[in-house]
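Please find below a short note for a colleague who works with computed structures.

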Amino acid sequence: MKVLVLGSGVVGVTSAWYLSQQGHEVVVVDRQPDAAEETSFANAGQLSFGMTSPWAAPGIPQKAVKWMFQSHAPLKVRPSLNPAQWQFMLSMLANCNEKSYGVNKSRMVRVSEYSRQCINALQEELKLPFEGRKQGLLQVFRTQKQIDDAAKDIKVLQEFDVAHAMLNVDECIAREPALARVKHKLAGGLHFPEDQTGDCNLFTKSLVKKCQENGVVFKFNTEIKALVSEGDSIRGAQTSHGLETADQVLVCMGSYSPFLLSPLGIRLPVYPIKGYSLTIDIKNDADAPQSTVMDETYKVAITRFENRIRAAGTAELADFNADLPNARRATIAESVKSLFPEGGKVDEAVFWTGFRPMTPDGTPIIGATRYKNLWLNTGHGTLGWTMGAGSGKLIADLISGNKPEIDDSGLAFSRYG
């Protein structure tokens, strides 16, 4: 079959790879001049399989009110007249309860753990260069309350046999020696030994080359204007270079997916949660992180590449506003300086922003639609890099008519009724 993949971020490219491996003719279309130029460009760099969690959690509404009055808050809202923003917030609030959190986290962990297996197998086969490290992830707590609140997450981790360990302060320093400088700020940590790090942009571009060697065609600088339907099927996509037809069509357009699907009557509940990152040159290796440290207080992930640190965080509801406010930069910089004061040249860092395609329940949308040849692989929020390989393999199996290697229930668009 000919499969048309719309979008060339990490999710679209991994999907294209697995589809090509199953013998399909694959064409990938993207408006950018190269792959991974938007949300996959400068994300956190963490493959946080074990730490996968929905943003919609018990206590978040109360915390959100408190954050409104904090200068370095992890969540910011710029109210707008866009109905999509209010609908997203209301739907997210409806998921901020124990029952929904448990269901959503279990679905997300299922995909993330599968993705860990997939990317390990992929890397063993292809040896892609992306500055990857397999040294785990350390979630750092600064208060006893943060440690206590982690208990509900640990219950789900145990349910899915996700490797983890609660650490005291000295054990945290043994994992990340540079934290010895700030020992007095720490209360403990949660370590995920099987989590990994790496540059998502480098990975995606490296995988594009492998896809091309396997016959996948990439059509860059091509705007996707609309999907063309015929009855209960999709004929193809109208692009800036004409109509691109296919037997199957897969939408992997992240935050822009709803615009493409809305004219077909598919109201995709995906909203652009704006995130920011700093890419920092290392100053002193011994004072820099060795893997990923997740600062629970600021919700900032601080990740080590070869000669760089990538620090990313802040969730901002601001529609598609691409401004780079100094206040958001200051929040991420404060987290890095607080934990690794001599690690990197923070004041010289490159500041970036991107739109994370978030669903109200945090779970990506992977699967079929009411059109018999239209498929979705979108809505991964902050976890597109983490879930990319697993969701790509899963959707390739579904499109090919193969039995998925994991339970795909609760992942498709149909869960929204």
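1. The model is predicted, so-called local features need pLDDT of at least 70, side-chain atom pairs count only at pLDDT 80 or more, and totals for chains, interfaces and linings use all residues. Residues are numbered from 1 along each chain as its sequence is written, and side-chain values use heavy atoms, with hydrogens and water left out.

2. Strand S1 covers residues 2-6, strands being DSSP runs (E, at least two residues) numbered from the N terminus, as are helices (H or I, at least four). Lys2, Leu4 and Leu6 point one way and Val3 and Val5 the other, and all are buried (under 20% relative accessible area with a 1.4 Å probe, protein chains only). S1 runs parallel to strand S2 (residues 25-29), joined by five bridges; Leu4 stands opposite Val27.

3. Gln146 lies in helix H5, residues 144-149. Why does Gln146 count as buried? Gln146 is buried because its relative accessible area is 16%. The side chain of Gln146 reaches the backbone nitrogen of Arg142 at 2.7 Å. The C-alpha atoms of Gln146 and Gly188, 42 residues apart along the chain, are separated by 9.2 Å.

Methods
Buried < 20%, exposed > 50% of the residue type's maximum accessible area, 1.4 Å probe, protein only. Polar contact = N/O pair within 3.5 Å; in protein donor to acceptor, adjacent residues only side chain to side chain. Pairing = 2+ DSSP bridges.
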